[in-house]
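This report describes the pockets, the salt bridges and a surface patch of one protein model. The sequence and the structure come before the details.

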Amino acid sequence: MTTTATTPAPTAATTTPTYGLTTARILRSEWHKLWTVRSTWITVLTAVAFVLGVGILMGATYTSDGGDSDVDTVVLTLYGSQLGGIALAVLGILVTAGEYATGLAHASFTAVPRRLPVLRAKATVYTAVVFTLSLLTALLTFLTAQTFLSGTDQAASLTDDGVLAAVAGNAAGVTLLGVIALGLGAALRSVPGAIGAFVGGVLIVPEILGMLPYEAMDTAIRYFPTQAAGALGSATPMPGAASPGAALLALFLWAAAALAVPALLLKRRDV
């Protein structure tokens, strides 16, 4: 009697691939979460509509003898960025605080127990998306508005001194303000609370402090988030404003501080 050797069938352990957490996979997860909720599309389209709509309106209704000749041309055409920036700030809050409201945060941190990579991925994806969107919208708005401003004292092109830098600075300012809102959402874990903190602390409080009759306060306020963002979006130096380099650095520090707080809280308390 003879026997033949048989090869054992592959087991599940040898055929099932193993998957691990990587930065790329966490980023891809946050990318999909961002674009698969309706609120993202609503806030993004609202922001674009505000910036483009106000820019076209300002260009179509402008006249050289209207008394606005001293307004910076980039500020004039991108005036709608103030409204669009609020919509994108709400998006930043929804990216973080929205997950706590729906309970999705529990699933996210169960999948990534170290937690901090989730916050970093959210901030990275949000920053990349919002800066790209803001820059493209600002360029489109500026060029469209200039078709109406041709022949007026506000006629300009992207190749003029400081114009392209101001358009990019406008996008950077809107983006970093949104990152601050994202950090507030992650720290407070409440959508209404974070919106109230952003509107009150970032938009209203500096205006109130600016009314105080102290020179030191006037100097400090120029480095507050909204004031610094405004300095970045002007092609010509604004009186009493910080220089573009100092304004950008101030905004980076504000955004870093806004993210540092929830990073510490993630280490110290439960989800």
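Helices in this report are DSSP runs of H or I with at least four residues, and strands are runs of E with at least two, numbered from the N terminus. The model is a predicted one, in which local features need pLDDT of at least 70 and side-chain atom pairs count only at pLDDT 80 or more, while totals for chains, interfaces and linings use all residues. Residues are numbered from 1 along each chain as its sequence is written, and side-chain values use heavy atoms, with hydrogens and water left out.

**Pockets**

A pocket is an open set of points, on a 1 Å grid over the protein atoms alone, where a 1.4 Å probe fits and where protein lies on both sides within 12 Å along at least five of seven lines; its lining residues have an atom within 4 Å of a point. Grid points are joined across faces, edges and corners, and the volume is the space filled by probe spheres set on the points.

The largest pocket holds about 1100 Å³ of space. Its lining comprises 45 residues, and Gln-82, Thr-226, Ala-229, Gly-230 and Met-238 lie nearest its centre. Among the elements that give two or more residues to this lining are helix 4 (73–77), helix 9 (191–209) and helix 11 (225–232), while helix 8 gives the most, with six residues. Sorted by class (Ala, Val, Leu, Ile, Met, Phe, Trp, Tyr, Cys and Pro as nonpolar, Asp, Glu, Lys and Arg as charged, the others, Gly among them, as polar), the lining of the largest pocket has 22 nonpolar, 16 polar and seven charged residues.

The second largest pocket has a volume of about 290 Å³. It is lined by 16 residues, of which Lys-33, Val-37, Leu-94, Val-95 and Glu-99 are the closest to its centre. Helix 2 (23–35), helix 3 (38–61), helix 5 and helix 7 (116–149) each give two or more residues to the lining of this second pocket, and the largest share, six residues, comes from helix 5. Eight nonpolar, four polar and four charged residues make up the lining of the second largest pocket.

**Salt bridges**

With a salt bridge taken as a side-chain nitrogen of Lys or Arg within 4 Å of a carboxyl oxygen of Asp or Glu, the count comes to four. The table lists some of them.

| Pair | N to O distance |
|---|---|
| Lys-122 and Glu-30 | 2.9 Å |
| Lys-33 and Glu-99 | 2.9 Å |
| Glu-99 and Lys-122 | 2.5 Å |

Salt bridges that share partners join Glu-30, Lys-33, Glu-99 and Lys-122 into one network. Here buried means under 20% relative accessible area, exposed means over 50%, and partly exposed lies in between, for a 1.4 Å probe and protein chains only. Lys-122 counts as buried because its relative accessibility is 7%, and Glu-30 counts as buried at 6%. Lys-33 and Glu-99 are buried as well. Since Lys-33 lies in helix 2 and Glu-99 in helix 5, their pair ties together parts that are 66 residues apart in sequence.

**Surface**

Phe-50, Leu-83 and Ile-86 make a nonpolar surface patch of about 230 Å²; such patches consist of residues with over 30% relative accessible area and no salt bridge, with nonpolar side chains (Val, Leu, Ile, Met, Phe, Trp, Tyr) joined within 5 Å and like charges within 9 Å. Accessible areas come from the Shrake-Rupley method with a 1.4 Å probe, and for residues only the protein chains shown count as cover. Leu-83 lies in helix 5 and counts as partly exposed, at 40% relative accessibility.
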